[in-house]
Amino acid sequence: MKAHLFVMTIQDLYREMADEPDYSLGRASSDEWALEFLNIAWLQPIMEAFDDDASGYVTITEVNKLMDLRPPTLSWR
């Protein structure tokens with residue numbers, strides 16, 4: 001998937017989740033901070049983080065590789 005589209009899709013997902021009235025599992029407020037960074041100003045750094053080979057596309061392998069770098073203390077799924 002094109003890296004730009006990938007980041008914009010993540011932004012859409014987080015916006016939808018924040019707007020859902022049923023999204024009251026305790027994660028809504030803890031995930032809203034991400035919307036501050038999922039925008040055009042942060043697009044390039046986010047794309048570079050996921051697209052480690054600078055191909056302009058993000059693969060499942062690249063996403064998994066980046067997610068494996070998360071500190072366990074964050075308790076992100």
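Q: Is alanine 54 buried or exposed?
A: First the ground rules: this is a predicted model, where local features need pLDDT of at least 70 and side-chain atom pairs count only at pLDDT 80 or more, while totals for chains, interfaces and linings use all residues. Numbering runs from 1 along each chain as its sequence is written, and side-chain values use heavy atoms, with hydrogens and water left out. Buried means under 20% relative accessible area, exposed over 50%, and partly exposed in between (1.4 Å probe, protein chains only). Alanine 54 has a relative accessible area of 66%, so it counts as exposed.

Q: Where does alanine 54 lie?
A: Its backbone stands out a bit, with a positive phi of about 55° although it is not a glycine. Helices (H or I, at least four residues) and strands (E, at least two) are DSSP runs, numbered from the N terminus. On that numbering, alanine 54 lies in the loop between H4 and H5.

Q: What pattern does the protein chain follow along the sequence?
A: The chain has five helices and zero strands. Read from one end to the other, that gives α-α-α-α-α.

Q: Which residue meets lysine 65 in a salt bridge?
A: A salt bridge here is a side-chain nitrogen of Lys or Arg within 4 Å of a carboxyl oxygen of Asp or Glu, and the structure holds one. In it, the side chain of lysine 65 meets, at 3.0 Å from N to O, that of aspartate 52.

Q: How many residues apart in sequence are the parts that lysine 65 and aspartate 52 tie together?
A: Lysine 65 sits in helix H5 (residues 60-67), whereas aspartate 52 is in the loop between helix H4 (40-50) and H5, so the pair ties together parts separated by 13 residues.  Aspartate 52 itself is partly exposed, with a relative accessible area of 44%. The separation asked for is 13 residues.

Q: Within what arc do the buried residues of H4 fall?
A: Leu43, Ile46, Met47 and Phe50 are the buried ones in H4. They line one face of the helix, because down the axis they fall within an arc of 105°. On the other side, Ala41 and Glu48 are exposed.

Q: Which residues is isoleucine 46 in contact with, leaving aside its neighbours within four places in sequence?
A: Isoleucine 46 is buried, with a relative accessible area of 17%. Contact means heavy atoms within 4.5 Å. Neighbours within four places in sequence left aside, isoleucine 46 is in contact with Val7, Phe37 and Leu38.

Q: How far apart in space are isoleucine 46 and histidine 4, C-alpha to C-alpha?
A: In sequence, the two are 42 residues apart. In space, their C-alpha to C-alpha distance is 9.2 Å.

Notes: The arc is that of the directions from the helix axis to the C-beta atoms.
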